[in-house]
Amino acid sequence: MSTKDEKDWLRAILEGKVKPGDAEWERIWKEEDFTGVRRVLREVGMRKKDELVADREKMWRVVKQYRGEGRNRRRVSAWRWVAAAMLPLLLGGILWISSWEKKDVLVAGVVPEIEAGTPRAVLLMEQGERIDLSLLAGDTILNKGDVRIRLDSSKSVTYEQVKGTPTKIEYNTIIVPRKGEYQLILADGSKVYLNSESRLRFPTRFEGKERRVYLEGEGYFEVARDSAKPFVVEAKEVDVRVLGTSFNVNTYVSERAIRTTLVSGKVRVGDRLTGKGEVILPGQQVEWKDGVFATKEVDTSIYTAWIDGKFYFEGATLEEITAQLERWYDIDFFFTSDNVKHFAFAGVINKEYSANKIFSIIEKTTQVHFNVNGRVVTVSEINNKQE
């Protein structure tokens with residue numbers, strides 16, 4: 001199959017013209033002629049046929065960097081933008097890195113710094129009101145009957161139950177995008193730290209027999225004690241039930257599991273479908289994956305370092321590390337080989353550092369090279385680095 005034909009097929013996938021279940025889709029995953037196309041799809045994480053939607057969105061983000069829709073605009077024709085996005089993967093990144101490094105030297109001279117994330121989030125009210133918290137010029141107070149909402153212009157939202165006319169309990173949602181983080185204090189006094197690319201749905205005040213919230217992504221909870229009303233975090237297929245404690249819940253799709261790490265107190269993590277569950281104590285972590293629980297002793301500081309402004313990597317693979325960096329710096333990584341994904345790195349790094357500085361730190365102790373092109377970073381073994 002020619003390079004042009006491969007580009008045509010990749011474009012059709014990106015535009016949704018070829019979908020799982022189609023005859024053309026089956027051909028891609030079965031016939032020898034489509035080896036190059038399959039290699040590209042796997043390189044961006046599309047290992048299973050049912051992962052098209054999520055990974056297509058990621059592919060589009062990468063494509064935009066070469067269409068001129070990002071900060072560093074480049075004019076390319078309707079067909080060339082597909083080639084620009086896909087060619088580095090088809091060729092293992094080597095030729096592409098070399099050619100663009102030369103152009104960057106001539107045009108820019110230096111690689112632009114990729115700055116760290118900042119406190120940012122959007123608050124969605126049940127009635128449709130949308131507040132971009134990162135745009136607040138000063139502190140704001142919203143009175144909703146017997147609930148007062150304090151919007152701190154720095155990095156937190158606080159819900160307070162006050163005397164007033166009782167209003168209908170509404171559910172609000174706080175959404176933290178890539179390159180952001182935020183804090184929330186619920187009406188019962190419980191504090192929640194939300195990591196990048198996360199969201200929490202919660203009631204404006206708690207009534208009834210339990211305090212239930214709904215998490216996507218990653219959150220660290222410091223729960224106010226109330227023995228009469230257990231606090232429940234609903235995280236996909238799992239319920240984390242507590243009375244008063246501190247714990248971290250990670251439900252990121254890239255982690256392929258739901259992990260609950262307990263700092264203090266006691267929690268029960270249960271499968272909502274089967275009713276099975278595990279009770280864990282401080283210093284333990286329970287992982288739920290495909291309906292199975294696994295509990296182990298851990299250093300909790302590794303899993304909670306992010307709320308203190310640190311990345312704590314203890315023998316983590318580059319694939320695991322870059323998944324975190326993608327969310328905090330709003331960048332995308334591509335590996336020139338599967339082997340480099342499994343390289344390990346250990347260290348504690350300040351989250352305020354630019355991504356470029358973190359790349360430099362990792363390069364000094366690991367046999368890899370990071371090539372930055374806009375918001376796309378290619379990772380290769382040091383022996384493949386082009387001078």
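Phe335 has Val379 of β25 as its bridge partner. That pairing belongs to β22 and β25 (residues 376–381), which run parallel over four bridges; strands count as paired if DSSP finds at least two bridges between them. Strands here are DSSP runs of E with at least two residues and helices are runs of H or I with at least four, numbered from the N terminus. The model is a predicted one, where local features need pLDDT of at least 70 and side-chain atom pairs count only at pLDDT 80 or more, while totals for chains, interfaces and linings use all residues. Residues are numbered from 1 along each chain as its sequence is written, and side-chain values use heavy atoms, with hydrogens and water left out.

Zooming out, β22 and β25 sit in an open sheet of three strands, ordered β22-β25-β24, with mixed pairing. At its edges are β22 (332–335) and β24 (368–373), each pairing on one side only. From one strand to the next, the twist averages 25 degrees; angles run from 0 to 180 degrees between N-to-C directions, and axes are lines fitted to C-alpha atoms, for helices over the stretch in contact.

Two helices come with this sheet. Helix α8 (residues 318–329) lies across β22, β24 and β25 and runs at about 160 degrees to β22. Helix α10 (residues 355–365) packs on the sheet too, touching β22, β24 and β25, with its direction at about 160 degrees to that of β24. As for the helix pair, α8 and α10 pack at an angle of about 165 degrees, their axes 12 Å apart. That makes α8 roughly antiparallel to α10, a label for angles over 145 degrees. On the α8 side, the contact (heavy atoms within 4.5 Å) is made by Leu318, Ile321, Leu325 and Tyr329, and on the α10 side by Ala355, Ile358, Phe359 and Ile362.

Elsewhere, β5 (residues 147–152) and β6 (residues 156–161) pair in the antiparallel sense over six bridges, and a hairpin of three residues joins them. Val147 has Gln161 of β6 as its bridge partner. Three bridges also link β6 to β8 (residues 180–185) in a parallel run, with Val157 standing opposite Leu184 in β8. Both Val157 and Leu184 turn up among the contacts of Ile174, as do Leu133 and Phe202.

Ile174 and Phe221 have the most contacts inside the largest nonpolar core, which has 43 residues. Such a core is a set of buried Ala, Val, Leu, Ile, Met, Phe, Trp, Tyr and Cys residues joined through side-chain atoms within 4.5 Å, buried being under 20% relative accessible area with a 1.4 Å probe, protein chains only. Apart from it lies another core, of 26 residues, including Phe311, Ile349, Ile362 and Val377.

Key
Buried < 20%, exposed > 50% of the residue type's maximum accessible area, 1.4 Å probe, protein only. Parallel < 35°, antiparallel > 145°, perpendicular 65-115°, else oblique. Lists of a residue's contacts leave out its neighbours within four places in sequence.
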